[in-house]
Amino acid sequence: MNKPEKYAVIGYPLGYSLSPLLHNKFFIEENIPAKYISLPVKKEELKNLVDSKEYTGFNVTVPHKENIIPYLHELTDIARRIGAVNTVKKLGDFYMGTNTDAGGFLLMLEQENKPEMNNKNIIILGAGGASKAISYSALESNAQNIYIYDLDAAKTQALLDNYKTKKLKALQTKKQLIEVLASADFVINATPVGMESTINESVLCLDDLQLLKKRTLVIDIIYAPLKTKLLQMAESLGLQTLNGLGMLAGQAILAERFWFNKSIAYLQAKQILQDGL
């Protein structure tokens, strides 16, 4: 009997991940002889991981979504455009990387019956890898304006330089952020503020949220906890909210399609993830 093919999620440090729960369930349902694990990998170990060709496919989480790129043999167009990879598959003797975060975000909006981003004003809090993917989603959706709020000017500028479009605008002070909050249709937290050691913190305060229109959708891509302080405050003001569990499900579904040309259903994927929290 052949050994199961190996799949993994890699990152460092790598805490509890819901990905093995979801993908192993998919493997069982589809009778795929494979096993998915969590694999802590340091930056200096990435080359050896790829060179070993031990894994048929893997997902990539922080901080390696950009670090992994030099070791891959090929990138899909979307991964090249975003400049970040979160899903990798082996094709013969080489590895190809793609990005399913951007599509996973849009799949979440679609499946949760939330508004589309076309002709909307989008505020994204943070300028890291997740912000890159969500910015791509907003651009592909023909958003009107996409404001990036991050106090790290170099990181923000790098994101703007990557896309080279006037639709993307930097907000580098809290004053600048406050000036555009009233026009926002979407406010998206793409920072880690609100989870783990910052669980009682929020990038925005209640006064900030009170500036938003009542129809503004506040999204936090954090899923543990399911309701961050940001979402709790937004709900107290009657604003629409959405946590990051759907984006996690969406990117996993698209990763499975990338690997196998088939995947688990969205609601089923989301329920499996929620049961694992």
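**Ground rules.** The model is predicted, and I kept local features only at pLDDT of at least 70 and side-chain atom pairs only at pLDDT 80 or more, while totals for chains, interfaces and linings use all residues. Residues are numbered from 1 along each chain as its sequence is written, and side-chain values use heavy atoms, with hydrogens and water left out.

**Pockets.** I worked on a 1 Å grid over the protein atoms alone; a pocket is an open set of points where a 1.4 Å probe fits, with protein on both sides within 12 Å along at least five of seven lines, and lining residues have an atom within 4 Å of a point. Points are joined across faces, edges and corners, and a volume is the space filled by probe spheres set on them. I found about 1,500 Å³ for the largest pocket. Its lining has 47 residues, and Thr-61, Val-62, Lys-65, Met-195 and Tyr-223 are the closest to its centre. I then looked up the elements, which are DSSP runs numbered from the N terminus (helices H or I, at least four residues; strands E, at least two). Those giving two or more residues to this lining are β3 (57-60), α5 (129-140), α6 (153-163) and α10 (245-260). By class I count 24 nonpolar, 16 polar and seven charged residues in the lining; Ala, Val, Leu, Ile, Met, Phe, Trp, Tyr, Cys and Pro count as nonpolar, Asp, Glu, Lys and Arg as charged, and the others, Gly among them, as polar.

The second largest pocket comes to about 150 Å³. Among its lining residues I noted Leu-106, Glu-110, Lys-114 and Ser-141. The classes there are four nonpolar, two polar and three charged.

**Strands.** I counted strands as paired if DSSP finds at least two bridges between them. β3 runs antiparallel to β5 (residues 87-91), with three bridges, and Gly-57 is opposite Lys-89. β5 also pairs with β6 (residues 94-98), antiparallel over five bridges; here Val-88 faces Gly-97. Two residues separate the strands of this hairpin, where Gly-92 has a positive phi near 65°.

**Cores.** I took a nonpolar core as a set of buried Ala, Val, Leu, Ile, Met, Phe, Trp, Tyr and Cys residues joined through side-chain atoms within 4.5 Å. Buried is under 20% relative accessible area, exposed over 50%, and partly exposed in between (1.4 Å probe, protein chains only). The largest core holds 55 residues, of which Phe-105, Ile-122, Ile-188 and Ile-219 touch the most other members. α10 supplies its largest share, 10 residues. Another core, of 20 residues, lies apart from it and includes Tyr-149 and Leu-231.

**Single residues.** Asn-86 sits in the loop between α3 (77-82) and β5, and it counts as buried because its relative accessibility is 2%. Beyond four places in sequence, its contacts (heavy atoms within 4.5 Å) include Phe-58, Lys-65, Asp-101 and Gln-251. Ala-154 of α6 is at 59%, so it counts as exposed. Lys-164, in the loop between α6 and β9 (168-171), has a positive phi near 50°.

**Cis bonds.** I noted a cis peptide bond from Tyr-12 to Pro-13, with omega near -5°. Another cis bond joins Val-62 and Pro-63, with omega about 5°; Pro-63 is in the loop between β3 and β4 (74-75).
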